[in-house]
Amino acid sequence: MISKKVNIIIILLGGGILFTLAAFLLRPIYFESLRNHSTVRIVTEEGTLIGRGKNSNQTKQDWEQIREYPNFVLEIIKIAEDKRFDSHHGVDLLAGFNSIRSYLFSKGKRGGASTITMQLVRIQNPEIRSYPFFLRKSFEIFEAIRYEIWLSKSEILEAYLNSVSIHSNLVGFPSASLTLFGKHIRFLSVEEAVYLTVLIRKNKPGLEELSVRYNNLIERIPYEFPKLKDPNELTLNFQSKSKSELTEDWKGENQHFLNWIRKLISIPSEEFVSSLSSELNSELHSIVNSELEGLTKWNVSNASAIVLERVPDKVDELELRAMIGSKNFFEDGNGMVNGSLAYRDAGSTLKPLLYAIAIDKGYYTVNSIFSDEKYSFSLGQGGNYLPRNADLRYWGDLTLAEALGNSRNIPAVTVINQIGVPTFFRFLQSAGFSHLKESPQFYGPGLALGAGGTSLLQLTRAYGSYVMNGLLPKIRLGTIDKKPLYYGSTQRLFSPETAEEIKFVLKDQKLRQRAFGRRSYLDFPFPVSIKTGTSKDYRNSWTVAFNERYVVGAWVGNFSGERTMDVSGSFGAGRIVQNIFRNLMKDKPKQEFTPKFTETKSFCRLTGKLAMEKCPVIALRIRKKVIPDEFCEEHTEKTKQSILGVGFIYPSKGQIYLYHPSYEKETQSIPVRIREIKTLKEPKLVWNGEKELIPSPNGELRIPIFRGKQSLVLYDGDVQKATVDFEVK
């Protein structure tokens with residue numbers, strides 16, 4: 001009876017084991033699942049391979065179908081790794097027996113018994129390497145049998161050749177062939193195939209070991225070819241060159257784009273066809289390095305450049321055509337820094353965006369009048385902000401168009417104070433300036449002068465809004481699986497009318513002559529709108545230019561942040577943009593900008609009203625059917641006064657001064673300056689409602705300092721003309 005029960009238990013156990021084993025072996029394996037670690041081939045618009053993406057293992061792995069491999073590659077791999085591959089079913093029993101015998105009778109040394117199928121199992125299941133030996137081998141054997149059930153021999157061999165580790169982080173014969181020999185797998189020679197096969201067993205053998213392994217293998221191959229003392233001679237052996245020779249031959253103009261795009265591609269695919277032109281990128285690289293040679297004496301060591309191009313029949317996207325991150329990717333130190341993505345003080349490059357949002361919200365028009373005078377802007381409890389123009393001079397009254405075209409700082413700070421720093425801050429964030437993480441109060445009115453910083457890619461994309469009629473464009477980077485890959489999304493920043501007005505202001509060469517001279521790198525023989533920027537202490541030189549087809553941006557400076565020797569945006573980056581744009585347009589028609597929303601009007605430079613015969617005239621393009629028919633009546637042959645009239649230049653309203661007890665009071669007196677005082681017949685100034693002061697003929701004086709809230713009231717005889725309140729703490 002007991003014997004019968006034991007038999008039943010044995011049968012049940014045996015049946016259970018067989019059922020479990022059958023269930024395990026009958027789980028399907030799909031060939032496509034073996035490609036889970038393959039990496040994307042990244043090619044340029046011309047089809048030039050510039051690199052591959054990386055997978056979760058940080059390896060490079062191409063995948064080529066078995067028919068792409070020369071037949072001798074398949075034969076060599078079988079001879080070296082699994083000579084009975086075509087006849088066994090995943091496990092080579094004879095090889096296993098020989099391995100055990102070697103282990104028992106050869107002082108612990110044993111030959112390999114793993115078939116190609118078993119090696120593929122290990123590659124696809126790397127976690128089993130931590131299993132105990134017998135458990136790992138059992139898994140390999142049963143999984144190999146399962147592979148043989150569900151996959152053909154050619155599929156197993158294809159997966160192995162594309163997945164086996166060859167050298168460093170190179171996985172598979174295709175990626176190793178491209179990297180080590182610079183050729184596609186189909187052009188591999190017999191000698192090269194042997195070399196790669198030898199590396200399977202040991203990725204980085206010493207020269208002596210490599211030669212022994214190489215020569216031992218060729219003795220087993222039925223092909224005739226010479227033995228090599230150093231098989232490394234077959235490769236593109238960069239180590240044989242000096243570092244200077246390497247950097248001279250390999251400038252890496254595409255490497256910054258390649259490294260950036262690797263981070264953006266998350267879709268498994270065979271190939272990513274980028275919008276980048278390797279030909280154009282090479283030309284840009286030459287221009288950048290040529291110009292840097294001339295700028296070296298001005299303590300300039302590096303530069304970056306970007307070209308965006310309009311996509312035909314697309315109203316909301318531009319295409320990235322070229323990206324140069326530095327002068328030499330392989331240069332020691334900062335060569336690998338992608339300067340086109342790095343954030344730096346933006347200088348005056350944000351002013352067109354500031355004026356655009358102010359115009360669009362109805363605060364100003366291109367003919368609005370600003371006073372370019374010395375002002376101290378109150379920061380509330382944070383003190384005061386005293387901006388200065390780059391030339392340390394003040395031009396008096398001028399139009400918005402002149403203020404923008406000549407990049408005056410004080411009008412820009414006036415604008416941001418009018419619309420509010422938070423308004424411009426939120427606008428910049430909507431324009432893609434996602435790096436602005438602090439509060440608007442942290443940046444303050446200096447945000448108008450670039451204090452928040454920008455990157456070259458970010459900046460050129462924002463300027464693309466003028467090309468796209470006020471739409472912030474998404475940037476097409478290429479296609480993957482025939483679907484476009486974009487950087488950013490589209491949204492409206494300002495109206496088409498505003499975009500066109502700013503575009504014509506930045507195009508007007510005569511408008512900017514006062515600041516930049518009659519001839520500069522900002523002038524072109526064809527229509528181009530352009531803006532420069534120079535950060536504090538000349539640390540960053542920026543220029544962005546655009547026409548109806550291209551947006552070109554350049555940055556010049558030092559990655560270390562060291563200041564240059566007074567290299568401005570128009571001189572440093574302007575030279576590079578000038579050459580790039582001329583190169584882009586050398587074989588293209590020089591078309592004028594076509595206005596759609598604006599018309600030309602003549603305005604008085606000093607009042608902003610429609611000009612009369614005696615007015616100093618400025619011609620501006622302004623949106624249609626908006627300007628009232630109000631003519632300037634402020635001018636005779638002798639009088640030309642400011643539309644802003646009489647008022648205090650400083651102190652400004654709400655300004656706070658700090659009194660330091662350790663210093664003498666006489667050295668801390670408060671300066672006062674009055675605008676247009678010469679128009680008053682009997683100027684009189686009353687301080688704190690008590691003391692009467694007499695200003696100088698030019699409207700200046702100083703008052704003693706003491707703590708408390710204070711006021712100044714200006715009279716013309718008995719008529720009050722202006723008042724200002726301030727405080728000393």
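Modeller: Happy to! In the hairpin of β1 and β2, five residues lie between the strands, and Gly 47 there takes a positive phi near 90 degrees. This is a predicted model, where local features need pLDDT of at least 70 and side-chain atom pairs count only at pLDDT 80 or more, while totals for chains, interfaces and linings use all residues. Residues are numbered from 1 along each chain as its sequence is written, and side-chain values use heavy atoms, with hydrogens and water left out.

Strand β1 covers residues 41–43 and strand β2 residues 49–52; they pair in the antiparallel sense over three bridges. (Two strands pair if DSSP finds at least two bridges between them; helices, H or I with at least four residues, and strands, E with at least two, are DSSP runs numbered from the N terminus.) Across this pairing, Arg 41 stands opposite Arg 52 in β2.

Now to the helices. The axes of α13 (residues 351–360) and α15 (residues 409–419) come within 10 Å and cross at roughly 45 degrees. (Axes are lines fitted to C-alpha atoms, for helices over the stretch in contact, and angles run from 0 to 180 degrees between N-to-C directions.) That makes α13 oblique to α15, since angles under 35 degrees count as roughly parallel, over 145 as roughly antiparallel, 65 to 115 as roughly perpendicular and the rest as oblique. On the α13 side, the contact (heavy atoms within 4.5 Å) is made by Lys 351, Leu 354, Tyr 355, Ile 357 and Ala 358; α15 brings Asn 409, Pro 411, Ala 412, Val 415, Ile 416 and Ile 419.

The structure holds 24 aromatic pairs. (Rings of Phe, Tyr and Trp, the last by its six-membered ring, pair if their centres lie within 6.5 Å; planes under 30 degrees apart count as stacked, over 60 as edge-to-face and the rest as tilted.) The pair links distant parts of the chain, 15 residues apart: Tyr 355 in α13 and Phe 370 in strand β9 (residues 369–372).
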